[in-house]
Amino acid sequence: MNRKRVAVLISGRGSNMAALIEAAKDKTYPAEIVAVISNRPDAGGLMVARANGITTELVDHTAFGKDRTAFESALQAALEKHRVEIVCLAGFMRLLTAGFVKQWQHRILNIHPALLPAFKGLDTHRRALEAGVKVHGATVHFVVPEMDSGPIIAQAAVNVRPGDNEKDLAARVLKAEHQIYSLALKLVAEGRVNTDGDRCLIDGAPLPNTKTLAAGTIIPRCSSTGK
Ligand code: GRF
């Protein structure tokens, strides 16, 4: 099997990165994690990646001052060095320029801790609780120049429970994130995700056909959104 070469970009603890590394340990998984790249030297995920035998790279944004293009050139060089085919942003806290994103169009994924298009940006769990939503969740989407936008590949819904605080809700959403990110990457790596304007088609349809997914995937708990 020709496994897609994936880099995971992180800035912090890297629990989604760890979930992708775990999924890719299965030799039948269609992607392999060839590098973990951090923009911060203190990102906890770097140690986790190394402990799993994954090569890490540091592209420290502070070394480039305000020059985002120079930072992204260094990032691009690291990606090319590892012959990366798909980029997964996982808690990567730098905004990428339109030029960089376009270069990786449909080959760069992000995970966001909310059911997009609701609650773009930061503090999603606090804002969800304040808004009194009954259902919250997580989204994996293709990255486009606009932040937390782009065709949705997979979503997982999480019920908000009475008495939930931000921490409780965040923990349940994070668990769902770990499941849908590896599922979404699998679908993309298998070439089963296409876009039709602003939305994703999986196996040619707005909603994935559960029968075509391997047993054990969590598709009943997640969906691509059709309009
Ligand atoms: C996750 O909640 C992810 O959705 C968001 O940043 C957080 C990163 O967490 N983009 P981790 O580093 O993967 O644990």
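On a 1 Å grid over the protein atoms alone, a pocket is an open set of points where a 1.4 Å probe fits, with protein on both sides within 12 Å along at least five of seven lines, and a molecule sits in a pocket if more than half of its atoms lie within 2 Å of its grid points. By these criteria, the ligand sits in the largest pocket. The model is predicted, so that local features need pLDDT of at least 70 and side-chain atom pairs count only at pLDDT 80 or more, whereas totals for chains, interfaces and linings use all residues. Residues are numbered from 1 along each chain as its sequence is written, and side-chain values use heavy atoms, with hydrogens and water left out.

Polar contacts, which are pairs of N or O atoms within 3.5 Å, were then examined. An oxygen atom of the ligand lies 2.4 Å from a polar side-chain atom of Arg13, and a polar backbone atom of Asn16 is 2.9 Å from an oxygen atom of the ligand. A polar backbone atom of Ile111, in turn, is 3.0 Å from a nitrogen atom of the ligand. The ligand taken alone exposes 360 Å², of which the protein buries 85%, with accessible areas computed by the Shrake-Rupley method with a 1.4 Å probe.

In the backbone, a cis peptide bond with omega of about 10° joins Leu116 and Pro117.

Terms used
Polar contact = N/O pair within 3.5 Å; in protein donor to acceptor, adjacent residues only side chain to side chain. 1 Å grid on protein atoms, 1.4 Å probe; cavity = no way out; pocket = protein on both sides within 12 Å on 5 of 7 lines; lining within 4 Å.
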